[in-house]
Amino acid sequence: MLRQIKVVYLSFISLLIGMKVTIRNFFAPSVTLDYPSKKQPMTNNYRGMVDLKPEACVICYQCIKICPVAALYLSHKQVPAGDKKKNEITKFTFNAELCCFCGLCDEICPTDAIFMNKMYEVSAYSHDQIVNIDLMDAHKYTHVSANYDFAAEVKRNNDNTVGKVIKAAPAPVAAGASPAAPAVGTSAATSPTSAPAQEAKDAPAAPNPTTPEQKQP
Ligand code: SF4
Ligand code: SF4
């Protein structure tokens, strides 16, 4: 009888100890997140999907040339601007299937036009959804993530100065002056400022992701 009372007593004490832990953590601040209704903010140097601020792009092709897997495609044309001409992007696409998320395009861009956003919910049902993504489209990723917000991504990128080297946009080339040499392995056939043959037509200077010569990751 005495033994049974002792067992009941110890069980009750054990229950109280367990409840003490439960009650203490019930009122403690939560260490987990109620995902997916709440999202964990990504770190400043997190590399999500490649994104673009089209108005900041000066069509220098440096991101195209540095990409090790030919995941980017850019072409442009010249359009009249008063009594002069100006370059205008005709196509700027991103192939997420090839991208190795190295961030080199982000680093090389002289105007911070191309950048890695903070998306991490990027699963897709088919290859078609992640190839030839139109970087000029502000809704470019809404088909793979309903949470994609272009304005928020741009603001986050503008506010984030981690690892960002603030560089001035290349100075416009004066009339009659010879254009400056491109910084990264730019050939005459691909430089938008040095190829007369490109005038008023598309300049498929970048390696086309659909061509057989493309490098694979
Ligand atoms: S992150 Fe790297 S692999 Fe991806 S598009 Fe940019 S340069 Fe190319
Ligand atoms: S490096 Fe920047 S400015 Fe140059 S073409 Fe790419 S996105 Fe545009």
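**A chat about the model**

Tutor: Happy to! Keep in mind that this is a predicted model. Let's begin with ligand 2: the residues of its shell divide into twelve nonpolar, two polar and no charged.

Student: Which residues come nearest to ligand 2?

Tutor: Of the 14 residues around ligand 2, the nearest are Cys 57, Cys 60, Cys 63, Cys 109 and Ile 114.

Student: And what classes of residue make up the shell around ligand 1?

Tutor: Around ligand 1 there are 13 nonpolar residues, one polar residue and no charged ones. Its shell has 14 residues, and those that come nearest are Cys 67, Ala 71, Cys 99, Cys 102 and Cys 105.

Student: Okay, what about the nonpolar core? Which residues touch the most other members in the largest one?

Tutor: The largest nonpolar core has 29 residues, and Val 50, Cys 63, Cys 67, Leu 72, Cys 105 and Ile 114 touch the most other members. The elements giving two or more residues to this core are β1 (50-52), α2 (62-66), β2, β3 and β4 (114-116).

Student: Changing topic: in what order do the strands of the open sheet come?

Tutor: The order is β2-β3-β5, three strands with antiparallel pairing. β2 (72-81) and β5 (133-134) are the edge strands, each pairing on one side only.

Student: What holds strands together in general?

Tutor: Strands of a sheet pair through backbone hydrogen bonds, in a parallel or an antiparallel way.

Student: How many bridges are there between β2 and β3?

Tutor: Ten bridges, in the antiparallel sense, with β3 covering residues 84-94. You can find Pro 80 opposite Lys 85 in β3, and Ala 81 opposite Lys 84 in β3.

Student: What sits between those two strands, then?

Tutor: The hairpin of β2 and β3 has two residues between the strands, and Gly 82 there takes a positive phi near 70°.

Student: And how many bridges join β3 to β5?

Tutor: Two, and these strands run antiparallel. One pair to look for is Phe 94 with its bridge partner Ile 133 in β5.

Student: Back to phi. Which residues other than glycine have a positive value?

Tutor: Tyr 61 is one, with a phi of about 70°, and Asp 112 is another, with phi near 60°. Tyr 61 lies in the loop between β1 and α2, while Asp 112 lies in the loop between α3 (104-108) and β4.

Student: Is Tyr 61 buried or exposed, and why?

Tutor: Tyr 61 counts as buried because it has 23 C-beta neighbours inside 10 Å, and the cut-off for buried is 20 or more.

Student: So where does that put Asp 112?

Tutor: Asp 112 is partly exposed because 18 other C-beta atoms lie within 10 Å.

Student: Last one: where is there a cis peptide bond?

Tutor: Look at the bond from Tyr 35 to Pro 36, where omega is near 10°. Pro 36 belongs to the loop between α1 (2-27) and β1.

Key
Residues are numbered from 1 along each chain as its sequence is written. Chains are lettered from A and ligands numbered from 1 in the order in which they are written. This is a predicted model: local features need pLDDT of at least 70, side-chain atom pairs count only at pLDDT 80 or more; totals for chains, interfaces and linings use all residues. A residue is near a molecule or strand if its C-beta atom, placed from the backbone, lies within 6 Å of it. Ala, Val, Leu, Ile, Met, Phe, Trp, Tyr, Cys and Pro count as nonpolar, Asp, Glu, Lys and Arg as charged, and the others, Gly among them, as polar. Two strands pair if DSSP finds at least two bridges between them. Helices (H or I, at least four residues) and strands (E, at least two) are DSSP runs, numbered from the N terminus. A nonpolar core is a set of buried Ala, Val, Leu, Ile, Met, Phe, Trp, Tyr and Cys residues joined through C-beta atoms within 7 Å. A residue is buried if 20 or more other C-beta atoms lie within 10 Å of its own, exposed if 12 or fewer, and partly exposed in between; C-beta atoms are placed from the backbone.
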